[in-house]
Amino acid sequence: MMNENYDVVVAGAGPGGSSVSKNLARKGVKVLMLEKRQEIGSPKRCGEGLTFSTEKLIGKIPSRCIAQTINGAKIYSPGGKSVMIDFGENMGYVVERKVFDKWLAFEAVRAGARVRAKAEVTDVIKEDGFVKGVTADIDRKEYRINSKVVVAADGVESIVSRKAGLETTNQLVNLDSGYQYEMAGLNMEDNHKIILYFGTQVAPRGYVWIFPKGRDVANVGIGTAMADRPAKYYLDAFIENNPKIFKKSGIIEVNAGGIPVGGFLENMVLNGFLAVGDAAHQVNPIHGGGLKEATIAGQIAADVISKCIDGNDVSQKALSEYNKRWWQERGKKLKNVEKLRQVTEKLSDKDLNMLADVLKGDHLIEFSRGNKLALLAKVLMKNPKLILLARHLI
Amino acid sequence: MAWKVDRKKCLRCGACVSVCPKHALSLGEHGLENDRSKCISCGICKKACPAGSIEVEK
């Protein structure tokens, strides 16, 4: 067995892992990021949408990572009425994850991190109640990598958290099942707007999305939960029922994934251990986006870890500064969004149609950020049957 | 008990792994693996699977 020593080992080279690694390396921390897959960024488990605000966190995204610019959204109610969110200018991108994730990893390397693909963490080393590193399989060689802190950034299944002893199992009620086709030959009404379709028949407790990646190319996906049938069934039915869009289309790629949409963890740290991103359920519960959340959490984690290493104290107590800061900066807001999700999932198709009649696009954006929920409560209260539900938002 | 995964349908996405209350499931070299000594046939994995690749009979 080969022996290596680092300050920090990061398991997983998605946006969360790269964010932690880059920011740690910048602070002069000796960090190694391991990716079990042979290629960083593939296969994707993602609709690939992000807003410009993400660039404030990661810097200007190179044009080669960007498939399409987005200037708005169109949201269909079950009755077929649509709410248009038109920004009049570009407000976000649909990226190419297999290029984007690699760029994030390049940036981590350039900042001074060591990165290794096709390197799987096989176990977590624990001594005296502290996580002290990992064992890893790199090119069929067994490595023992000693570290002061291990970061689990290994996605929704977070095997590394489990091995370390942090319970991150998702409750079924808090997991959306996602299925997606990347398709070409689509007849899209506006290929610079994301299109969402709601309805208890179309996508039980979720929605269908079309995220354009080019003139006639898009990610066409679905997230559902607590449904009678698998997500794939509903997506295939949607495509079958919308020949106007899909008649001449072809499937270029098939994706699937579980999306944590709630159940935020009070505690995300152990002695010498910390979890970020999907592994720590850090996802917006209403739209299921995790890119930005993983990036922010990675920055907070890097800040806390470097301070703990400087202070020579990587105990759970010292690292719990990460819990505190994440909850302050993101958790409180996301908890509100989770409440919104819990309310919307109880709405009937009739209720959704009613909302489509009265709400404007701007409202929907604010709601998805966890803001102005009192306004939504007010609208719901107009229907006596929904009063109790509305109170949940206030 | 009977637990089955259809490996032609499974996309190795890990949704089932993330909800398994007994930590019985894992993604290994040959795809999804179930440690039968831990599995209680609760069927939660089947409900989480977006591809409909898991069958569980109690």
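This is a short tour of a predicted model, with one selection at each stop.

**Stop 1: chain A as a whole**

Select chain A. Count its elements: 13 helices and 20 strands. Its radius of gyration is 21 Å, close to the 21 Å that the globule rule gives for 394 residues, so chain A is as compact as a globular protein of that length. Now turn the chain along its principal axes. Its C-alpha atoms fill a box of roughly 60 × 45 × 40 Å.

**Stop 2: the domains of chain A**

Colour chain A by its domain assignment. Domain 1 takes residues 2–45, 98–168 and 263–319. Domain 2 takes 69–92 and 172–260. Domain 3 is the stretch 339–391. How many Å separate the centres of domain 1 and domain 3 of chain A? Over C-alpha atoms, the separation is 37 Å.

**Stop 3**

Select residues 15–26 of chain A, helix α1, together with residues 291–310, helix α7. Their axes come within 7 Å and cross at roughly 35°. The crossing of α1(A) with α7(A) is right-handed.

Show the side chains next. Which residues of α1(A) meet α7(A)? They are A:Pro15, A:Gly16, A:Ser19, A:Val20, A:Asn23 and A:Leu24. On α7(A), the residues they meet include A:Leu291, A:Ala294, A:Gly298, A:Ala301 and A:Ile305. By class, this contact between α1(A) and α7(A) has 9 nonpolar residues, 7 polar and no charged.

**Stop 4: a hairpin**

Select residues 72–76 and 82–86 of chain A, strands β6 and β7. These strands run antiparallel, and 5 bridges join them. Pick A:Gly72. Its bridge partner in β7(A) is A:Asp86. Then move to the turn, where 5 residues lie between the strands. A:Gly80 has a positive phi there, near 95°.

**Stop 5: where chain B touches chain A**

Show both chains. Chain B gives 19 residues to the contact, and chain A gives 21. Which elements of chain B each supply at least two residues of its side? Select α1 (15–19), β2 (25–28) and α2 (44–48) of chain B to see them. The largest share of that side, 4 residues, comes from α1(B). Colour the side of chain B that touches chain A by class: 13 residues are nonpolar, 5 are polar and 1 is charged.

Notes:
Residues are numbered from 1 along each chain as its sequence is written. Chains are lettered from A and ligands numbered from 1 in the order in which they are written. This is a predicted model: local features need pLDDT of at least 70, side-chain atom pairs count only at pLDDT 80 or more; totals for chains, interfaces and linings use all residues. Axes are lines fitted to C-alpha atoms, for helices over the stretch in contact, and angles run from 0 to 180 degrees between N-to-C directions. A crossing is left-handed if the near helix is turned anticlockwise from the far one by less than a right angle, and right-handed if clockwise. Two residues are in contact if their C-beta atoms, placed from the backbone, lie within 7 Å. Ala, Val, Leu, Ile, Met, Phe, Trp, Tyr, Cys and Pro count as nonpolar, Asp, Glu, Lys and Arg as charged, and the others, Gly among them, as polar. Domain bounds come from an automatic or database domain assignment. Two strands pair if DSSP finds at least two bridges between them. The radius of gyration is taken over C-alpha atoms; the globule rule is 2.2 Å times the number of residues to the power 0.38.
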